[in-house]
Amino acid sequence: MGLELYLDLVSQPCRAVYIFAKKNGIPFELRPVDIFRGQLVSKDFSQINNLCKVPALKDGDFILSESTAILIYLSSKYPTADHWYPSNLQARARIHEYLGWHADCVRGTFGVPLWTQVLAPLIGVHLPEEKVQRNRAAMDRALQELEDKFLRDQAFLTGQHVTLADLMALEELIQPVAVGFDLFEGRPKLTAWRERLEAFLGMDLCQETHGLILNILEQAANKKIPDPAPEVYPYMLLRISRIP
Ligand SMILES: N[C@@H](CCC(=O)N[C@@H](CS)C(=O)NCC(=O)O)C(=O)O
């Protein structure tokens, strides 16, 4: 069996892995894991990742979780262009500098609007407006830092070329946009970065990767999102209780 990727394109880190593999023509079998249908906690998937999280990669007997580890594995194993994960030490260190900040300030913050607007209501939970506003302020602070510390006057987040850092950032920033928080409004620099990145990736690939999440509100309105499986409730309640 060749490379297998366990993904749900509703998930930001899964989309970063998907778009990278597709853009680079890396051959893989897609193993869809439907989060809403409780497949993360299925027996089959827990044998792939006992932390029950996507994305996950299986390459023969080798199994790997964590999107950044997966992206680095793919960019190292397959003949991908150097700019994604440069061999130059300092250029590579810049990517890790971004990824460290991303883990602290982006991951965990930009996914919250999907929970407050779509997922929590699916199980009858409505979060107080105060929490929505607190999250909005945290996103605004992070966006400012993203522009001031990373993007500055560069074309991409760590320099003049697209890297893994840009993919990780783009996928997180799209999550709130999908549920109606237009983070790019009033931020011309960030908007230009997104346009450059999407033009580089290609509109067809962006549509293929982002279509599901960008239609999530419509799907929710038309009751097309399945009711979460009962075994997912404890995870959902825990996840909701952690929203500051
Ligand atoms: N740090 C991990 C995060 C993975 C993650 O949190 N994935 C979410 C979907 S976006 C998930 O599977 N959540 C299920 C859970 O936390 O139990 C990565 O970058 O791969």
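Which residues in H1 meet Ser-67, Ile-70, Leu-71 and Leu-74 in H3? They are Pro-13, Ala-16, Val-17, Phe-20 and Ala-21, where two residues count as in contact if their C-beta atoms, placed from the backbone, lie within 7 Å. This is a predicted model, in which local features need pLDDT of at least 70 and side-chain atom pairs count only at pLDDT 80 or more, while totals for chains, interfaces and linings use all residues. Residues are numbered from 1 along each chain as its sequence is written.

The elements named here are DSSP runs numbered from the N terminus, with helices (H or I) of at least four residues and strands (E) of at least two. Helix H1 covers residues 12–23 and helix H3 residues 67–77; their axes come within 9 Å and cross at roughly 10°. Such axes are lines fitted to C-alpha atoms, for helices over the stretch in contact, and the angles run from 0 to 180 degrees between N-to-C directions. H1 and H3 are therefore roughly parallel to each other, a term for angles under 35 degrees. The contact of H1 with H3 has eight nonpolar, one polar and no charged residues. In this classification, Ala, Val, Leu, Ile, Met, Phe, Trp, Tyr, Cys and Pro are nonpolar, Asp, Glu, Lys and Arg are charged, and the others, Gly among them, are polar.

The structure also holds an open sheet of four strands in the order S2-S1-S3-S4, with mixed pairing; two strands pair if DSSP finds at least two bridges between them. Strand S2 (29–32) and strand S4 (62–65) stand at the edges with a single partner strand each, so one side of each has no neighbour in the sheet. Direction ignored, neighbouring strands of this sheet are turned by 20° against each other on average. Strand S1 (residues 3–7) runs parallel to S2, and four bridges join the two. Leu-7 has Pro-32 in S2 as its bridge partner.

Notes:
Angles under 35 degrees count as roughly parallel, over 145 as roughly antiparallel, 65 to 115 as roughly perpendicular and the rest as oblique.
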